[in-house]
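Look at the sequence and structure, then follow the questions.

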Amino acid sequence: MSTEKPKVAFYWCSSCGGCEESIVDLAEDILKVVEAVEIVFWPVALDFKKKDVEAMEDGSIAVGFINGAVRLSEQREMVELLRKKCQLIVAHGSCSHLGGIPGLGNFWNKETIFNRAYHTTPSTENPDGVVPLEKYDLDGKELTLPSFYDTVYSLDQVIDVDYYLPGCAPPRDLIMNAVLAILEGKLPPKGSVLSPNKSLCDDCERNDTKPEKMVITEIKRPWEVIMDDETCFLAQGIICMGPATRTGCGERCIIGNMPCRGCFGPTDQVFDQGAKFLSALASILDTDDEKEIEKLVDTIVDPAGTFYRFSLPTSILRRKRMEAIK
Amino acid sequence: MSNESYDPKLVGFLCTWCSYTGADLAGTARMQYAPNMRIIRVMCSGRVDPQFVLKAFSEGADGVLISGCHPGDCHYQEGNYKALRRHRLLTKMLEQLGIEKERFRLEWVSAAEGSKFQKVCDEFTEEIRKLGPLNWNGGEHEHREA
């Protein structure tokens, strides 16, 4: 038995496929991984079925990497099954870690999302008003679809999660480090986010350009200005989530001259990334006058969507209040 | 639920230098006011992290008050201005999340204004009574149902 390679499973839930791509993007490194492990389940690349997983012994898979948020009953079933079969579960990427971009669905509910998708988008042509049903009777046969929840969940709101690989999508070096740590049994305490526990600004090469006293007199959106490619974004009045976001991403966006959007989530010291960023941003608005403050706040378009772009389902409030959705 | 019998749960973050002393004055002067406010003493209104406010709402508060020294009177020079800026931005964000702006209030109450504290508590309680309970559950446990 000792010569047997550890078994690995990959699964995806509510996600764009970018995290699957991040595995493929390991390029030649993936050969090292494939050499060291046996992949027993990977729906996006290999033909295994649910029943194959069901047939495996409980705990027989060493580690399961699951990307994507949970918003369908089918996803819940699959992740519960994988939890039983895997010794370790890694939440792979922002969506399973924090809720991610699909988590922005928590500003709506099932009814409003279906109404938009199947009736009111400009490109919808649906004269019969057909919507997906959980059960449908076709010539005496019953067809079924998974149920669609009102709320999007992060993976750890549905099953127990051992580790988190942050990022949209997680960068190659973090994935390789995680895989190697698992293979060598050199794992940090359970529940760790597998990336350094400090803020992006700590590593940002623009940090030196920060003025002595940081103040914002005018909020600008990236498309409104030509952004200086050397100066701190906040010093330019452009919203950058760096102060409230964990580092480890390799500053891919900053290097591409785009502000941080927050995909790595907060550091361990912070419960709520959006609230913490709101606090930081409000403190550097350069006015004490009530009317001027209100004017400046008016120019911050969509604070909830911007500050919680990747983390609404794992924020303290988790979603928009259901009674307030029309 | 009829709103008359409903007792709003309010949480108030009061700065120790002005508003908490003002509330104390209301107490020692035996002023009568609505008993709905759960007071939490903080060193400064600028110490109130927006996370505290969200946590209060998520754990059952129907309304949250931040109260500090009048502009210009902050013991730490500018903490209350920070509170003011955070309050306006957080109010906007809470509205996007379906929490009415009436539920999140900022008031300046000095150490001498016991009667203003009395008035704020009474008004806020009545206002929230009219709005009704927040009933926050954050979409919890939906995925655990069959």
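The buried residues of helix 4 of chain B pack against strand 1 (10-15), helix 1 (19-28), strand 2 (37-42), strand 3 (63-68) and strand 4 (104-108) of chain B. Helices (H or I, at least four residues) and strands (E, at least two) are DSSP runs, numbered from the N terminus. The model is predicted: local features need pLDDT of at least 70, side-chain atom pairs count only at pLDDT 80 or more, and totals for chains, interfaces and linings use all residues. Residues are numbered from 1 along each chain as its sequence is written, while chains are lettered from A and ligands numbered from 1 in the order in which they are written.

Q: Which residues of helix 4 of chain B are buried?
A: They are G114(B), F117(B), Q118(B), V120(B), C121(B), F124(B), T125(B) and I128(B). A residue is buried if 20 or more other C-beta atoms lie within 10 Å of its own, exposed if 12 or fewer, and partly exposed in between; C-beta atoms are placed from the backbone.

Q: Why are the buried residues of helix 4 of chain B said to line one face?
A: Seen down the helix axis, they fall within an arc of 165°, so they line one face of helix 4 of chain B. The arc is that of the directions from the helix axis to the C-beta atoms.

Q: What span should helix 4 of chain B have at 1.5 Å a residue?
A: Its 18 residues should span 26 Å. The expected span is 1.5 Å times one less than the number of residues. The end C-alpha atoms of helix 4 of chain B are 26 Å apart, which agrees.

Q: What follows helix 4 of chain B?
A: G132(B) follows, with a positive phi near 90°. N135(B) also lies in the segment after helix 4 (114-131) of chain B.

Q: Why is N135(B) called exposed?
A: N135(B) has 10 other C-beta atoms within 10 Å, so it counts as exposed.

Q: Where is D139(A), and what is its phi?
A: D139(A) is in the loop between strand 6 (135-138) and strand 7 (141-144) of chain A. Its phi is near 45°, a positive value in a residue other than glycine. D139(A) is exposed, with 4 other C-beta atoms within 10 Å.

Q: What makes the peptide bond from C168(A) to A169(A) cis?
A: Its omega is near -5°. A169(A) sits in the loop between strand 9 (163-165) and helix 7 (172-184) of chain A.

Q: Why is V161(A) called buried?
A: V161(A) has 21 other C-beta atoms within 10 Å, so it is buried. V161(A) is in the loop between strand 8 (148-153) and strand 9 of chain A.

Q: Which residues does V161(A) touch, not counting those up to four places away in sequence?
A: V161(A) touches I89(A), A91(A), L155(A) and D156(A). Two residues are in contact if their C-beta atoms, placed from the backbone, lie within 7 Å.

Q: Why does D272(A) count as buried?
A: D272(A) has 24 C-beta neighbours inside 10 Å, so it is buried. D272(A) lies in the loop between helix 9 (252-255) and helix 10 (273-283) of chain A.

Q: How far apart are D272(A) and S315(A)?
A: In sequence they are 43 residues apart; in space, 5.1 Å, C-alpha to C-alpha. Leaving out residues up to four places away in sequence, D272(A) touches S315(A), I316(A), Q51(B) and L54(B).

Q: How many residues of each chain are in contact with the other?
A: The contact joins 27 residues of chain B and 33 residues of chain A. On the chain B side, helix 3 of chain B gives the most, with 11 residues.

Q: How many residues are in the largest nonpolar core?
A: The largest nonpolar core has 73 residues. Such a core is a set of buried Ala, Val, Leu, Ile, Met, Phe, Trp, Tyr and Cys residues joined through C-beta atoms within 7 Å. Helix 3 (residues 79-96) of chain B gives the most to this core, with seven residues.
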